Amino acid sequence: MKTLQVGDKVPEFISKDQDGNTIRLSDYHGKKLIVFFYPKASTPGCTAEACNLRDNYSVLQSQGYELLGVSADSEKRQTNFRNKYDFPFPLLADEDHTVINTFGVWGPKKFMGREYDGIHRKTFMINEEGVVTKVIDKVKTKDHAAQLLD
């Protein structure tokens with residue numbers, strides 16, 4: 001797993017959001033962007049994380065940030081997740097792992113003594129030029145916005 005680090009330029013990517021709209025990194029050129037990766041829509045930790053970002057969305061926007069959530073879930077699952085919790089930001093349905101692999105967040109994980117490959121919960125802050133300015137490896141799901149605003 002080769003994860004992007006602070007100072008790395010994020011390679012261009014193209015993906016679909018929950019509504020089937022094409023989203024490109026270049027759509028955010030000239031804007032600050034937060035890209036957060038979560039393992040699975042509508043699971044307790046992912047819901048807590050995304051709801052915390054939703055509840056602090058206006059604060060993040062006032063700091064000039066746009067948000068993108070990313071998991072390998074289907075468009076339908078992402079749509080259900082967004083609608084159920086009223087998220088104001090797009091959720092990418094990265095079923096083919098294009099964005100996941102671009103950021104290097106897919107790799108071996110352990111859960112309840114079992115090893116498997118999956119998405120690592122990580123968040124990247126990206127400046128107006130598309131360069132990573134901060135990586136959060138240990139996401140606090142219930143207090144994630146505070147980690148970003150530090």
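S42 lies in the loop between strand β3 and helix α1, where helices (H or I, at least four residues) and strands (E, at least two) are DSSP runs, numbered from the N terminus. This is a predicted model, in which local features need pLDDT of at least 70 and side-chain atom pairs count only at pLDDT 80 or more, while totals for chains, interfaces and linings use all residues. Residues are numbered from 1 along each chain as its sequence is written, and side-chain values use heavy atoms, with hydrogens and water left out.

The phi angle of S42 is near 70°, which is a positive value in a residue other than glycine.

## The open sheet and its helices

Five strands make up an open sheet in the order β5-β4-β3-β8-β9, and the pairing within this sheet is mixed (two strands pair if DSSP finds at least two bridges between them). At the edges of the sheet stand β5 and β9, the latter formed by residues 132–136, and each of these edge strands pairs on one side only. On average, neighbouring strands of this sheet are turned by 20° against each other when direction is ignored. Strand β4, which covers residues 65–71, is joined to β5 by three bridges, and these two strands run parallel.

Helix α1, made of residues 44–55, lies across β3 (32–37), β4 and β8 (123–126), and its direction makes an angle of about 160° with that of β3. Helix α3 lies across β4 and β5, running at about 160° to β5. For these angles, axes are lines fitted to C-alpha atoms, for helices over the stretch in contact, and the values run from 0 to 180 degrees between N-to-C directions.

## A hairpin of two strands

Strand β6 (residues 106–111) and strand β7 (residues 114–119) run antiparallel and are joined by six bridges. Within this pairing, K110 has E115 of β7 as its bridge partner. The hairpin of β6 and β7 has two residues between the strands, and M112 in this hairpin takes a positive phi near 50°.

## Cysteines without a disulfide

How many disulfides does the model contain? The count comes to zero, a disulfide being a pair of cysteine sulfur atoms within 2.5 Å. C46 is in no disulfide, and the nearest cysteine sulfur, that of C51, is 11 Å away. C46 is buried, with a relative accessible area of 1%, and C51 is buried as well, with a relative accessible area of 12%.

C46 lies in helix α1, and if residues up to four places away in sequence are not counted, C46 touches Y38, P39, K40, F81 and R121 (contact means heavy atoms within 4.5 Å). The C-alpha atoms of C46 and S71 are separated by 9.9 Å, although the two residues are 25 residues apart along the chain.

## Aromatic rings

The model has twelve aromatic pairs (rings of Phe, Tyr and Trp, its six-membered ring, pair if their centres lie within 6.5 Å; planes under 30 degrees apart count as stacked, over 60 as edge-to-face and the rest as tilted). Y57 and F89 form a tilted pair, with 5.7 Å from centre to centre and 55° between the planes. This pair links distant parts of the chain, since Y57 is in helix α2 (residues 57–62) and F89 is in the loop between α3 (75–85) and β5 (91–93), 32 residues apart. Both Y57 and F89 are buried. Ring pairs also link F36, Y38, Y57, F81, Y85, F87 and F89 into a cluster.

## The segment before β1

G7 lies in the segment before β1, the strand of residues 14–16. Which residues does G7 contact, leaving aside its neighbours within four places in sequence? G7 is in contact with V131 and V132. The C-alpha atoms of G7 and L60, which are 53 residues apart along the chain, are separated by 21 Å.

Note on methods
Buried means under 20% relative accessible area, exposed over 50%, partly exposed in between (1.4 Å probe, protein chains only).
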